[in-house]
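Please look at the sequence and the three-dimensional structure shown here. The explanation after them is meant for a reader new to both.

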Amino acid sequence: MHDTIVVLDFGSQYAQLIARSIREENVFCELLPWNTPAESVLTLNPKGYILSGGPASVYSSRAPQVPEYVFQSQVPILGVCYGMQALTHSMGGEVAPSAKQEYGHAALQVERSNPLLPAGIYQVWMSHGDRIERLPEGFRILAHTDNSPIAAMGDPSRDYYGVQFHPEVRHTNKGKDILARFVIQICGAEPDWTPYSIIHESVQKIRDRVGKERVLSAVSGGVDSSVATALVHKAVGDQLHAVFVDTGLLRKGETEQVITTFRDHIGVQLHPAHAVEDFLSDLKGVTDPEKKRALIGNRFIRIFEEQAQALEMPKYLVQGTIYPDVVESQGHDRSQVARIKTHHNVGGLPEEMDFELIEPLRYLFKDEVRRIGISLGLPPHIVWRQPFPGPGLAIRVIGEVTWERLERLRAADAIFLDELREADLLRLKTRSDDSVSRKGPRGTAQAFAVLLPVQSVGVMGDKRTYQDVIALRAVTTDDFMTADWARLPQDLLAEIGSRIVNEVEGINRVVYDITSKPPGTIEWE
Ligand code: XMP
């Protein structure tokens, strides 16, 4: 078992970032709601606790409390923002609303050099209304900012610390180092959560569980299902059968790419099911986006069932569930969100089928999934693939989906993506990437072409044209909940526009979408 750090989530929008930062230090860490039953937490035998931020005020009647077992465990504790206030409150200190809310950058001055914060000045990110008025017994002030006399506090003899700022967000410049010092030096956690160990242990676990049984998997070409399939294949080899449903709704060259990668490169027994005509006949005459989604989802399930039956129903089914899906579904009620689109994946498999699930990525964040994918030998174009919606191009051909319109969109989309790839903009670079110049574009988190159900007049070689319009969509985003349109270089857009009009038959106009989300969504349907 790996040394584990537990992050107790008090409802912070940044809690996942804390867990991810710690995993990046190769330390295993679990993110759990603050009110998880003590037994479930204690079985993990945590080497330390981090108490996340949260929206509450400790003195309100229903404010979440630091659970008693955290103190009884006698391991290091780090409270972040609300976590620091809750720690203070639980230990007899005093928290009160501050006259001035503090939000944004601040300069943190360390008063006493200590294991968490060596002497110096740090750029930190603050976001709080309450502040510590009186320290709990045994604590000392470690650092202050102009607005917060107690911006960090600690009792190094017990390894208890609190910081008012957010070390997990990138605006805190040495935040990752602070978290690393807490988990490695202060908690003494072993940094042994590496791709090699993850693969090695998963392979062993899957083998032990599966024995001689057969396993089924559905690959779509997406990152998660691809990595999960490659991992299970490493564990059970030819006991794995992967089904690939060719819907005809993928981008240019993708069907062949998926088949070649899995069959020839990884050596998986891949069963492609050619179902293009089925999908197209379902979609005939349909223009409503939600109806398209439902029809595609249902057809997918039918075809998958047929394939499973043809393979005499293996006992196990691989699912590419990843840690954020698990975290989202546990604990906090985030269900009160208005439904904008039904995002059921194609790949959302039939519930009534009687499989036992293998979810080898259940504990992994997306960046860890990618690292594992690379280690397993998956090619970069799969591992670094941008998200692609389950219903595929059907929701990017606005209006009726026909083969001819799909092909037109595919051709335009391929030009767009080629040009972005060439300009090294098909990936969203993080701030820490050396390759990002301060002023240059950060790349794109998602980029694609959309075929509009609109004709416009143009002129080509002195002749009037009346043809389709392509919209280009490219966004930057970290979480896909909000997004900004990508500020692509104008010369690049010019080149893309002219190539599409010149090379794709039936298109005489290209427009660039400059809507952010909200109020727009990323996809057009
Ligand atoms: P929106 O358009 O809602 O998209 O801003 C947010 C993210 O979700 C993807 N998306 C889908 N993914 N099935 C999926 O698997 C869907 O029906 C679907 N609709 C949107 C979209 O590509 C973006 O990454």
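The paragraphs below treat a sheet, the helices on it and a pair of helices.

The model is predicted: local features need pLDDT of at least 70, side-chain atom pairs count only at pLDDT 80 or more, and totals for chains, interfaces and linings use all residues. Residues are numbered from 1 along each chain as its sequence is written, and side-chain values use heavy atoms, with hydrogens and water left out.

An open sheet is formed by 5 strands in the order S12-S11-S10-S13-S14, with parallel pairing. Helices (H or I, at least four residues) and strands (E, at least two) are DSSP runs numbered from the N terminus, and two strands pair if DSSP finds at least two bridges between them. Strands S12 (269–274) and S14 (356–358) stand at the edges with a single partner strand each, so one side of each is left without a neighbour in the sheet. Strand S13 (residues 316–318) is joined to S14 by 3 bridges, and Leu317 stands opposite Leu357 in S14.

Helix H7 (residues 223–236) packs on this sheet, touching S10, S11, S13 and S14; contact means heavy atoms within 4.5 Å. Helix H8 (residues 254–266) also packs on the sheet, where it touches S11 and S12.

Helices H6 (residues 195–210) and H12 (residues 366–375) pack at an angle of about 80°, their axes 9 Å apart. Axes are lines fitted to C-alpha atoms, for helices over the stretch in contact, and angles run from 0 to 180 degrees between N-to-C directions. H6 and H12 are therefore roughly perpendicular to each other, a term for angles of 65 to 115 degrees. In this contact, Pro195, Ile198 and Ile199 of H6 meet Arg371, Ile372 and Ser375 of H12.

Definitions and conventions
Angles under 35 degrees count as roughly parallel, over 145 as roughly antiparallel, 65 to 115 as roughly perpendicular and the rest as oblique.
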